[in-house]
Amino acid sequence: MIYNLDMSNTQKNDLLEKVTALAKRRGIIYPNSEIYGGIGGFYDYGPVGVEMKNNLKKYWWKEMVDTREDVVGIDGTIITHPKVWEASGHIENFSDEVIECKKCHQRFRLDDIPDGKCPNCGSKEFTEPRSYNILFETEVGVLEDAKTKVYLRGEACQTIYLDFKNVLDSTRMQIPFGIAQIGKAFRNEVTPGRLTFRSREFEQWDMQFFVHPDDMEKWFEYWKEKRMNFYKNLYRKQENLRLKQHPKDKLAFYAKDAYDIEYKTPWGWAENEGIHWRGDYDLTQHSKFSGKDLSYTDPRSGEKYIPWIVETSGGVDRTLLMLLFDAYEEEDLGDGKSRTVLKVHPDIAGYKAAIFPLVSNKEEIVKKAREIFELLSENIKVVWDDRGNIGKRYRYQDEIGTPHCITVDYETLENDTVTVRDRDTMEQERVKIEDLDEYLS
Ligand code: ATP
């Protein structure tokens with residue numbers, strides 16, 4: 001059953017509701033197939049959301065690939081050879097324990113019921129847990145007798161292991177080095193919900209760092225700190241961020257250690273990204289199942305070994321959602337006035353600046369504003385708005401987190417200056433058009 005399993009129906013809370021409403025109202029996130037009543041666990045990004053998501057991915061790529069000489073990227077497929085998922089253990093182990101409330105018949109993941117009480121009706125009576133594999137299946141091939149069962153990848157990182165040897169053979173990389181990828185993953189989640197927090201189709205940003213076993217400890221520590229700093233720079237509210245070690249009894253069977261970077265959501269601490277000690281598990285498994293040697297020979301010492309892996313694996317959609325929680329503010333402006341503002345990191349904001357011609361019926365002003373739009377849009381993403389009064393335009397841009405609003409007015413025609421208004425302080429400054437580029441950067 002894919003409908004009516006959305007946890008947001010039963011576990012509503014204020015900030016989540018507000019962010020969900022704002023995301024829809026302002027073109028950040030829409031429920032998928034809404035005109036057909038929606039489909040649980042699938043979301044689309046609107047005109048503002050797609051810009052934010054692209055910026056977020058660029059921000060990660062810059063940090064993880066562009067500015068490092070020891071990490072390269074790939075872009076793997078969603079469907080792979082089906083044996084991949086046997087080797088990885090997903091066919092056997094990628095399951096959620098599901099229980100059903102005997103009173104209201106809602107189903108839940110066992111992990112989501114820490115206090116033994118049904119989140120929907122409060123009953124304490126459940127059916128026995130049942131294992132439920134969350135890989136999505138489909139078929140490749142058209143003729144009935146030539147169809148092969150395949151899976152949509154349940155985690156993006158597997159394609160990195162598949163390409164490990166190709167990367168080694170086709171680049172100049174030497175251990176230690178990493179392979180990074182941003183891409184879709186699919187999980188037939190039992191309880192999708194809380195907007196994009198747990199969806200059935202989502203994107204992951206993953207990096208697998210291949211090391212000599214003797215250096216594992218050092219690199220594990222390095223990536224824990226590095227990834228934590230990434231999120232510290234991204235979020236405003238540092239007190240909502242923490243690094244949490246997995247209890248030893250909850251570790252995946254192949255893992256020696258694992259940490260979650262958690263963000264404090266409106267419903268409590270939740271995983272944002274995992275830093276995993278995967279050891280030689282993945283390359284050993286794929287060597288075994290494929291019959292291909294995935295070991296590495298050190299070009300200097302001649303030593304041959306299966307590299308060990310430190311994984312950093314986070315969710316793009318989940319980070320964007322947490323950013324919305326982090327950025328959302330309702331401010332009292334006095335005199336019974338208030339505003340909603342998204343104080344999101346300027347690098348992630350969908351538009352860096354909005355261009356307003358003060359009036360839309362004065363040709364010289366509109367023309368000047370268009371010139372500024374064209375000039376700035378060569379380097380940054382800007383948006384045009386000539387609808388309604390300036391106050392309303394400011395409110396709209398505040399709600400989508402645009403850091404600056406530029407108004408072209410009568411004075412512009414006299415001295416080539418514009419008003420630039422800052423999203424966070426709401427202060428306005430007169431800036432020369434020729435200085436705008438520098439001012440905004
Ligand atoms: P959770 O139990 O919190 O759903 P997980 O421990 O199964 O997540 P991993 O397999 O470690 O998650 O995946 C790495 C990252 O991918 C997570 O930290 C999260 O940001 C993201 N992610 C995982 N599942 C989902 C999902 N269903 N929807 C959105 N993002 C997800």
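Predicted model: local features only at pLDDT ≥ 70, side-chain atom pairs only at ≥ 80, totals over all residues.
Buried means under 20% relative accessible area, exposed means over 50%, and partly exposed lies in between.

**View 1. Arg242 and Glu262 meet in a salt bridge.** The N-to-O distance is 2.7 Å. Arginine 242 has a relative accessible area of 28%, so it falls in the partly exposed class. Glutamate 262 has 9% and is therefore buried. Arginine 242 sits in strand β11 and glutamate 262 in strand β12 (residues 258–265), so the bridge ties together parts 20 residues apart in sequence.

**View 2. Glu329 and Lys237 link distant parts of the chain.** Their side chains form a salt bridge, 3.5 Å from N to O. Glutamate 329 belongs to strand β17 (residues 328–334). Lysine 237 lies in the loop between α6 (216–234) and β11 (241–245). The two residues are 92 apart in the chain. Glutamate 329 is partly exposed, at 22% relative accessible area.

**View 3. Glu364 and Lys362 form a salt bridge.** Their closest N and O atoms are 3.9 Å apart. Both partners are partly exposed: glutamate 364 at 44% relative accessibility, lysine 362 at 28%.

**View 4. Salt bridges with shared partners build one network.** Its members are Glu331, Arg339, Lys343, Arg395, Asp398 and Arg421. A search of the whole structure gives 41 salt bridges.

**View 5. Strand β10 pairs with β9 and with β16.** Strand β9 (residues 177–186) pairs with β10 in the antiparallel sense over 10 bridges. Here phenylalanine 177 stands opposite phenylalanine 210 of β10. Strand β16 (residues 308–315) also pairs with β10 in the antiparallel sense, over 8 bridges. There glutamine 208 faces glutamate 311 of β16.

**View 6. Ile78, Ile79 and Val140 form a nonpolar surface patch.** Together they have about 200 Å² of accessible area. Isoleucine 79 is in the loop between β3 (71–73) and α3 (83–87). Its relative accessible area is 35%, so isoleucine 79 is partly exposed.

View 7. The C-alpha trace spans about 75 × 65 × 50 Å along its principal axes. Of the 441 residues, 52% count as buried. The chain exposes about 21,700 Å², with 47% supplied by carbon and sulfur atoms. Mean pLDDT is 93, and 97% of residues reach 70 or more. Over residues 1–12 the pLDDT is below 50; this stretch has 27 contacts in the model beyond near neighbours in sequence.

Note on methods
Residues numbered from 1 in each chain as written. Heavy atoms only, no water. Patch = residues over 30% accessible without salt bridge, like charges linked within 9 Å, V, L, I, M, F, W, Y side chains within 5 Å. Areas by Shrake-Rupley, 256 points an atom, 1.4 Å probe, with all protein chains shown as cover. Salt bridge = Lys/Arg side-chain N within 4 Å of Asp/Glu carboxyl O. Helix = DSSP H or I, 4+ residues; strand = E, 2+ residues; numbered from the N terminus. Buried < 20%, exposed > 50% of the residue type's maximum accessible area, 1.4 Å probe, protein only. Pairing = 2+ DSSP bridges. pLDDT = per-residue confidence, 0-100. Contact = heavy atoms within 4.5 Å.
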